[in-house]
Structure formats: C-alpha cells, structure tokens
Amino acid sequence: MIIEPKTRGFICITSHPTGCEQNVLNQIDYIKSKGKIAGAKNVLVIGASTGFGLASRITSAFGSEASTIGVFFEKPPSEGKTASPGWYNTAAFETVAQNAGLYAKSINGDAYSKEVKAQTIKLIKEDLGEIDLMIYSLASPVRTHPESGIRYKSTLKPIGDTFTNKTVDFHTGEVKEISIEPGTEEDIENTIAVMGGEDWEMWISELKKENLLSSNFKTVAYSYIGPKITEPVYRKGTIGKAKDHLEKTAFTITNLLKDIGGKAYVSVNKALVTQSSSAIPVIPLYISLLYKVMKEKGVHEGCIEQIQRLYSERLFLNQVPQDSEGRIRIDDLEMRSDIQAEVSKLWEQASTETLPSIGDLEGYKNDFFHLFGFSYDQVDYDKESNEIVSIPGLQ
Ligand code: NAD
Ligand code: NA
C-alpha cells in the first residue's frame, strides 16, 4: 500500500512502517556512534514505544547491551487503517535488537491496570529474574484506577486565572491568541491521578513485593519545568501539579527501596516535539522559537541525544548530579540564560508574518511528521510498503 500523512487536529491518523523503522535505525546509529555506556543490564521501560521512553529503550539496548522489556499502549494495524507509530517503532526495534542477539520482549496494554502489571511480573520472573533499571515514561490523557475503577481524565489548564497568550497552529503557521479557562479543583485532582506518581509507586511496590529488583536498582521518571512564558499552562497549571506529585513520589519510592539500596530519580527533560507535547497549547510556538535558537547555537538535541546524555553524564556516574530539589537536569541547555533571553525576545515579535523567519516552524513540522514515519529523505514514499502485523517479542 501507499501511505500518506492524514492529519486531524493535532494528530496524524496514519503512520508509515518504513519511515518509523528509519526513525528507530537513526536512533540506534546515534547510540552506537557514541560508544558503550556502563549502564543497567536488565531494563523495564513503561511507555517504551515512542518519545523519551523509546529513546531510553534504545539507549539501554545499544549503549549497554541490555535486555529490555517494553510496555506500551499501541494499536496494531486493522482493516484500512495503519498501526499507531509506536507499533511500527517497536517492531523495528525488536527486529534489530533480536538480530543483534539482544533480548527484547514487549507487552501491549494498559500499564495502569493490574493485568498488565501481573503479565510483566510473570515475564520478568520467567526470563530475566530481576531488573536493575525501570524507566517510567508514560504520557496518557486518561487512567482507569485499578482499585476503584474510576476513569480519570487529565487536563492542560491554568490554575486561578484565565491564561491568554499566543499559540501557533503549526500546520498552517497561523499565530493567534488563545485564552484558556482555569481548571477546577476536580481538574487538578484528576490530572494528578493520571500523570502524578501513584501508578509509578504501584509498579515499584508490586515489583519489589515479588523480589524482582536488584540491589542498586534505579528507577527514573521524566518531568518538565520550562520557561516563565509557558508556566501558567504547564508548570503552574494542572499538569504541573501532577509533575509536583510525580517528583514528590521519587522520595517515597527511594524510601521504599532503602533496604535494597535502590533509588528513584526524576529527570527534567527538554521540550521536544512528541505526540503528547504537540497537543499542549502555547508549547508548539515556544518549541519552534527554542529550536531556532538552540540550532543556531549548535546545542539542539532530540529525545535520543537527551537520553544518551542522561545515561552517560548523569544516571550512571558514582555521584549522580542533582539540583536542590533532588532532580536530575538534562534541560540545562534549554534553560541556559542566553537561550531563554533570546527566546523571550523572539516571543514578543512572533506573529504569523514573522514566525517563518524568526522561528523554526519547518523544524517543528519535520519533527512532527517524523513521529509518524513521514518526511524522511531516505524513504521512498512512492513505493508500496508492506504492512507489519506482528512485533517479534510481543507477548
Ligand atoms: P509519548 O506520547 O511519545 O510517549 C508516551 C508513551 O506512553 C508511549 O509509549 C505510549 O504507548 C505509552 N502509553 C500511553 N498510555 C499508556 C497506557 N495506558 N498504558 C501503557 N502505555 C501507555 O510522550 P513523551 O513526550 O515521550 O512523554 C514521556 C514522559 O516524558 C512524560 O512523563 C512527559 O511528561 C515527559 N516529558 C516530555 C517532554 C516533551 O517535551 N515531550 C519534556 C519533558 C518531559
Ligand atoms: Na515515551
């Protein structure tokens, strides 16, 4: 079949198997080019199919020759519909990993559920015995609570006041003003229930109960802070409350792991184009200006560069560098004062007319289409592509 991108709102509803494979191969090549990392050997990644989680899985496997189990929630192909990109990404990753002699298996289902946790535990028991690293990289709009059955929805709203600022529709390039009404107390609680730390803690306590964590076990969850401009809708908004909770949970988990010498970390990562971030208002405009400035200064990074640096320059050092709140920072380049000063200046000037020259809208769009396997120079999109119905290590 010939597959073309079809966008609906902020998402693309088609994805390209060969292009997704290209995305994975590029990331693997990057990790190989950077040399070995003395990291973990048995790694569980929750949210392993796209974005930061996929980059973490690739870095573990091809940087440290780790055995990896990936958990994710992706759609297989069905009649007239392509699979979701994480499906093709995982098929490509597991094919290359297994050909390289690396253990790579996966579970496709709701990571918040008891069933998926039980299935993962069974697989670790049978195949790996124990794990020494767990990456928690879930990004989801909803969570059904495993005890109460209540279905929570997360929101991206300011708290207290209505927030009005600029945003861009990156498909058309139109810069316009938007106003977002403040969230209610209930919105805050629901967002914390979905994107806070409760599920991360549940995973770790289940794994520990089953004695599946090695001594010196580490777990890392990903967070974001960002600049003043996005604060009302991000860090000081409903999602920010969930990130506060996630960050607090790291201390709770570390406490839980005391007897085995384990530790939980939060890594604050850079703003990047992923399926999750393209849905957040205001952020795409910020990212397109940020990309422009960081590329000009030669310090731009994608997910794979970020995680390579997390592993090689932070997580596996004898002394893990942390900020005053105990967080690992790989958003250091994004937050550099010269970069932020430049972005704020451009923010003032940004309009539909100026953005093509002062921002990196093209880079944004390119990254967006890359997420779905499109716009890769190396791929011939006029060629029929084969559907990929199975993932080699899928349980
Ligand atoms: P993403 O959308 O690319 O990845 C989300 C992953 O979670 C996918 O593997 C998906 O399959 C999986 N998933 C979603 N719901 C699931 C469910 N119910 N069960 C199992 N798997 C499920 O997102 P991302 O941007 O890589 O985000 C990962 C983490 O990084 C999030 O905590 C996010 O807040 C954080 N982060 C993102 C950015 C950014 O700019 N994108 C910056 C800093 C931190
Ligand atoms: Na991810």
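What is the relative accessible area of Glu-342, and does that leave the residue buried, partly exposed or exposed? Glu-342 has a relative accessible area of 27% and is therefore partly exposed. The model in which this value was computed is a predicted one.

Glu-342 forms a salt bridge with Lys-345, and the closest N and O atoms of the pair are 3.8 Å apart. Both residues belong to helix H10, where they stand three residues apart and are thus separated by about one helical turn. An α-helix has 3.6 residues a turn, so residues three or four places apart point the same way.

Asp-338 is partly exposed at 30% relative accessibility, and Lys-297 is partly exposed at 38%.

## Salt bridges elsewhere

Side chains of opposite charge can pair when their charged atoms come close. Across the whole structure, a search finds 26 salt bridges. One of them is formed by the side chains of Lys-157 and Asp-187, at 3.1 Å from N to O. Lys-157 is placed in the loop between strand S8 (151-153) and strand S9 (163-169), and Asp-187 in helix H5 (residues 185-195), so the bridge ties together parts that are 30 residues apart in sequence. The two partners fall into separate accessibility classes: Lys-157 is partly exposed, with a relative accessible area of 27%, while Asp-187 counts as buried at 13%.

Salt bridges also link residues into a network, whose members are Arg-235, Asp-244, Glu-247, Asp-323, Arg-327, Arg-329 and Asp-331.

## The surroundings of ligand 1

Ligand 1 is surrounded by 29 residues, and the closest are Ser-49, Thr-50, Lys-243, Thr-274 and Ser-276. By type, the residues of this shell divide into 13 nonpolar, 12 polar and four charged.

Several contacts to the ligand can be described atom by atom. An N or O atom in the side chain of Asp-110 is 3.0 Å from a nitrogen atom of ligand 1. Ala-111 contributes a backbone N or O atom, which lies 2.8 Å from a nitrogen atom of the ligand. In the case of Lys-243, an N or O atom of the side chain is 2.8 Å from an oxygen atom of ligand 1. Taken alone, the ligand exposes 840 Å², and the protein buries 92% of that area. Helix H2 (51-64) and strand S11 (213-223) are the elements that give two or more residues to the shell.

## Helix H12

Helix H12 spans residues 361-371, and its buried residues include Leu-361, Gly-363, Tyr-364, Phe-368, Phe-369, His-370 and Leu-371. Asp-367 has its place in helix H12 as well, but this residue is partly exposed, with a relative accessible area of 22%. After the helix comes Gly-373, which has a positive phi near 85°.

Computed along the sequence, Asp-367 and Thr-274 are 93 residues apart, yet their C-alpha atoms are 8.2 Å apart in space. Thr-274 is among the residues closest to ligand 1.

Gln-306 is located in helix H9 (residues 303-315). This residue counts as buried because its relative accessibility is 0%. A polar atom of the Gln-306 side chain lies 2.7 Å from the backbone oxygen of Ile-330.

Phe-10, Ile-11 and Ile-13 together make a nonpolar surface patch of about 250 Å². Phe-10 is found in the loop between strand S1 (7-8) and strand S2 (11-12), and this residue is partly exposed, with a relative accessible area of 41%.

Technical notes:
Residues are numbered from 1 along each chain as its sequence is written. Chains are lettered from A and ligands numbered from 1 in the order in which they are written. This is a predicted model: local features need pLDDT of at least 70, side-chain atom pairs count only at pLDDT 80 or more; totals for chains, interfaces and linings use all residues. Side-chain values use heavy atoms; hydrogens and water are left out. Patches are made of residues with over 30% relative accessible area and no salt bridge: like charges are joined within 9 Å, nonpolar side chains (Val, Leu, Ile, Met, Phe, Trp, Tyr) within 5 Å. Accessible areas come from the Shrake-Rupley method with a 1.4 Å probe; for residues, only the protein chains shown count as cover. A salt bridge is a side-chain nitrogen of Lys or Arg within 4 Å of a carboxyl oxygen of Asp or Glu. Helices (H or I, at least four residues) and strands (E, at least two) are DSSP runs, numbered from the N terminus. Buried means under 20% relative accessible area, exposed over 50%, partly exposed in between (1.4 Å probe, protein chains only). A residue is near a molecule or strand if one of its heavy atoms lies within 4 Å of it. A polar contact is a pair of N or O atoms within 3.5 Å; within protein, one must be able to donate a hydrogen and the other to accept it, and residues adjacent in sequence count only if both atoms are side-chain atoms. Ala, Val, Leu, Ile, Met, Phe, Trp, Tyr, Cys and Pro count as nonpolar, Asp, Glu, Lys and Arg as charged, and the others, Gly among them, as polar.
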